[in-house]
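Please examine the sequence and the structure shown below. The report that follows treats the ligand site and then the meeting of two chains.

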Amino acid sequence: MTVKQLADSLSLKVICMPDGDREVTGGYAGDLLSWVMGRANSGDAWITIMSNVNIVAVATLADPSCIVLSEGVGIDAEVLEKAKSVGVNILGSDEDTFALCARIAAVL
Amino acid sequence: MSECVNFHFDIDGDNFTSAGEASVRIKKHLRDMGFSPETIRRVSVAMYEGEINMVIHADGGSADVNVYVDRIEIILADSGPGISNIELAMQEGYSTAPDNIRSLGFGAGMGLPNMKRYTDSMKIESEVGKGTTIYMTVNV
Ligand SMILES: Nc1ncnc2c1ncn2[C@@H]1O[C@H](COP(=O)(O)OP(=O)(O)OP(=O)(O)O)[C@@H](O)[C@H]1O
Ligand SMILES: [Mg+2]
């Protein structure tokens with residue numbers, strides 16, 4: 001399914017979605033950036049509580065289909081601008097990471 | 001036959017917000033040059049880890065990427081504190097990153113192992129008090 005379909009079907013918050021037609025091909029959960037760089041696959045939904053600007057660079061390079069912020073984490077305006085400008089999708093949810101991952105896994 | 005395109009970047013040591021930008025630019029260049037997504041991913045992940053290390057551990061440095069028909073070389077050079085025990089630094093989980101850096105998500109001690117895993121060859125030259133130079137090659 002696409003990022004937009006994922007957001008719709010799980011009622012996730014859309015923080016920014018410059019590339020909603022991108023296909024979600026799997027998932028990876030983690031907050032340590034080098035783990036994400038080394039292990040996440042291109043196309044994964046990346047579930048994390050990290051919200052600083054470095055997640056945008058990591059997403060650009062590791063190439064997940066979207067970042068999904070769990071635990072109700074929000075992002076700064078500066079990070080939002082950067083994500084929009086480079087075409088990184090960011091969704092959000094108030095659920096904890098475990099519950100969110102379980103729901104995402106169930107629909108993929 | 002040994003035609004080469006060089007990209008050079010100065011990596012700012014105290015700008016955490018722009019850290020990784022050189023790697024993002026290389027990714028774009030390689031895509032424009034028609035390299036495969038797999039090659040691009042390997043080069044940009046390895047370069048990002050090295051770039052971030054120079055920002056976190058060495059107060060910046062320089063990055064050179066040499067693109068040949070059959071391989072891509074990445075050379076990262078800094079005048080930071082150097083690495084006293086390279087074998088230890090290469091181990092998964094080893095990190096000297098301070099707490100404020102860890103709170104940003106760095107410091108898992110996975111950067112150097114990622115660089116090794118994503119490249120076909122990697123060589124570290126380092127002298128304590130002088131700096132570190134890392135040579136990596138990804139075969140195309
Ligand atoms: N350019 C460098 N100059 C000085 N020391 C370095 C340099 N690069 C790495 N190191 C040392 O090697 C250690 C391991 O590096 P590595 O990239 O594997 O982990 P990290 O940067 O601490 O955490 P991570 O990359 O997972 O965010 C670092 O903590 C640091 O002590
Ligand atoms: Mg590192």
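Ligand 1 is surrounded by residues from chains A and B, so the site is shared between chains. This is a predicted model, in which local features need pLDDT of at least 70 and side-chain atom pairs count only at pLDDT 80 or more, while totals for chains, interfaces and linings use all residues. Residues are numbered from 1 along each chain as its sequence is written, chains are lettered from A and ligands numbered from 1 in the order in which they are written, and side-chain values use heavy atoms, with hydrogens and water left out.

Which residues come nearest to ligand 1? Of the 21 residues around the ligand, these are A:S34, B:S95, B:T96, B:G107 and B:G109; a residue is near a molecule if one of its heavy atoms lies within 4 Å of it.

| Residue | Backbone atom to ligand 1 oxygen |
|---|---|
| B:M110 | 2.8 Å |
| B:G111 | 3.1 Å |
| B:L112 | 2.9 Å |

On its own, ligand 1 has 600 Å² of accessible area (Shrake-Rupley method, 1.4 Å probe), and the protein covers 96% of the 600 Å².

The interface of the two chains may be described next. In contact (heavy atoms within 4.5 Å) are 23 residues of chain A and 23 residues of chain B. The buried area, meaning the accessible area (1.4 Å probe) that two parts lose on being put together, summed over both, is about 1900 Å² between chain A and chain B, and carbon and sulfur atoms give 53% of it. A:S34, A:M37 and A:L61 supply 31% of the area that chain A buries against chain B, more than any other three residues.

How many salt bridges does the rule find across the interface of chain A and chain B? There are 2, a salt bridge being a side-chain nitrogen of Lys or Arg within 4 Å of a carboxyl oxygen of Asp or Glu. Side chains of opposite charge can pair when their charged atoms come close. A:R39 belongs to helix α2 of chain A, whereas B:E92 is in the loop between α3 (86-89) and α4 (99-102) of chain B; helices are DSSP runs (H or I, at least four residues), numbered from the N terminus.

Terms used
A polar contact is a pair of N or O atoms within 3.5 Å; within protein, one must be able to donate a hydrogen and the other to accept it, and residues adjacent in sequence count only if both atoms are side-chain atoms. Helices (H or I, at least four residues) and strands (E, at least two) are DSSP runs, numbered from the N terminus.
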